[in-house]
Amino acid sequence: MTLALAEAARGLGRTAPNPPVGCVIVQGDELVGRGFHPRAGEPHAEVFALQGAGERARGATAYVTLEPCSHHGRTPPCADALIAAGVRRVVVAALDPNPLVAGRGVQRLRDAGIEVTVGVLEAGAVRQQAGFRSAVVRGRPWVVAKYAMTLDGKVAALNEANGAVSGPQARERTMRWRDELDAIAVGSGTLGLDDPALTTRGVPGGRDPRPVVFDRRAASDPQARAWRDGAVLVTAPDADAAAHEAAGITVQRASSLPDALSGLAGLGIGSVLLEGGPTLLSAFFAQGLVDEVRVFVSPNLLGAGLSPLTGPARPMHEAQALRDVTVETLGPDVLITGLLHDI
Ligand code: AOF
Ligand code: ZN
């Protein structure tokens, strides 16, 4: 299953609105087939793994990171393909929350006499599928807030737009996240100050996330670098976005952040990397819309500067505590991650 999860990871950031899924097929102690779902509309992981295995799938065990599908979507049911290939046992990491599947895939395999085990490395699979599962179950994307701060808790110097807080390894890690998440979101303040490219750089075979700009008044420059193909402007219902529309930008109108997030899920966005700035981050945190936090802490001091969050303030006993916390050193920087919601 670890291999199947590694296969699935190759599709991260490329499969929305579908999940990243991996499959390996084992005959005796030999790995005879492997595959992953490359993108929506293309065959599922099981199909590629079965193709690789050929006749050696007969009597074999298939490890799949998601319950094999039982429905005819853009592609035919994987459960039927596994049955037709003569697979003897199927090991599944997590059930598919898609109401069209939801246990029916496993049932169909069992009805055909196949031995099925569910729940192997489930937590890792569910985390890997967070974007898909969040969109299906909650109707909104999985939101990952990311920032880098100094040892005195500042994300930028005063009156200075650019200037990196953290080192090259932290930057490299951020680029990997951009490659793996469906969209990258910033507020209009960041767009105006930094004119960020919001692209993935230095990741071999990397692809760019969909830029999403939260700009309530639609006052941002429609010529900014973020407005490439697929970019989304999130703005108020009554904002004048004519210039953005004329520039071919997708305009998503919403009267609240939860509305905006459902709109993004409707556009097929399952996961969002929220990169700031402080106004947007604060609004998301205040409304309980951040699901996961990834923060770099760097060993330097500014004395004064911009804080990652601007409020509202909480008393200590109401501080938001992260779960499943990880701590990792990346060169001189420390990466702290954790969850605010379960998936
Ligand atoms: C699997 N293996 O590799 C994936 C699955 O439109 P379709 O045919 O691509 O079906 C999409 C749905 O299939 C998706 O919403 C999810 O429920 C499941 N994805 N299932 O057996 C895979 N990607
Ligand atoms: Zn399938």
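This is a chat about the two ligands in a predicted model.

Trainee: Hi! Which residues come nearest to ligand 1?
Mentor: Hello! His44, Glu46, Arg74, Thr75 and Asp96 come nearest, out of the 18 residues around ligand 1.

Trainee: And how do the residues of that shell divide into nonpolar, polar and charged?
Mentor: The shell around ligand 1 has seven nonpolar, seven polar and four charged residues.

Trainee: What lies 3.5 Å from an oxygen atom of ligand 1?
Mentor: That is a polar side-chain atom of His71. Backbone atoms take part too: a polar one of Arg74 is 2.7 Å from an oxygen atom of ligand 1, and a polar one of Ala45 is 2.9 Å from an oxygen atom of the ligand.

Trainee: How much of ligand 1 does the protein bury?
Mentor: The protein buries 95% of the 520 Å² that ligand 1 exposes when taken alone.

Trainee: Where do His44 and Cys78 sit?
Mentor: His44 is in the loop between strand S2 (30-36) and helix H2 (45-53), while Cys78 is in helix H3 (residues 78-84). The pair is 34 residues apart and links distant parts of the chain.

Trainee: Is His44 buried or exposed?
Mentor: His44 counts as buried because its relative accessibility is 16%, and buried means under 20%. Cys78 is buried as well, at 1%.

Terms used: Residues are numbered from 1 along each chain as its sequence is written. Chains are lettered from A and ligands numbered from 1 in the order in which they are written. This is a predicted model: local features need pLDDT of at least 70, side-chain atom pairs count only at pLDDT 80 or more; totals for chains, interfaces and linings use all residues. Side-chain values use heavy atoms; hydrogens and water are left out. A residue is near a molecule or strand if one of its heavy atoms lies within 4 Å of it. A polar contact is a pair of N or O atoms within 3.5 Å; within protein, one must be able to donate a hydrogen and the other to accept it, and residues adjacent in sequence count only if both atoms are side-chain atoms. Accessible areas come from the Shrake-Rupley method with a 1.4 Å probe; for residues, only the protein chains shown count as cover. Ala, Val, Leu, Ile, Met, Phe, Trp, Tyr, Cys and Pro count as nonpolar, Asp, Glu, Lys and Arg as charged, and the others, Gly among them, as polar. Helices (H or I, at least four residues) and strands (E, at least two) are DSSP runs, numbered from the N terminus. Buried means under 20% relative accessible area, exposed over 50%, partly exposed in between (1.4 Å probe, protein chains only).
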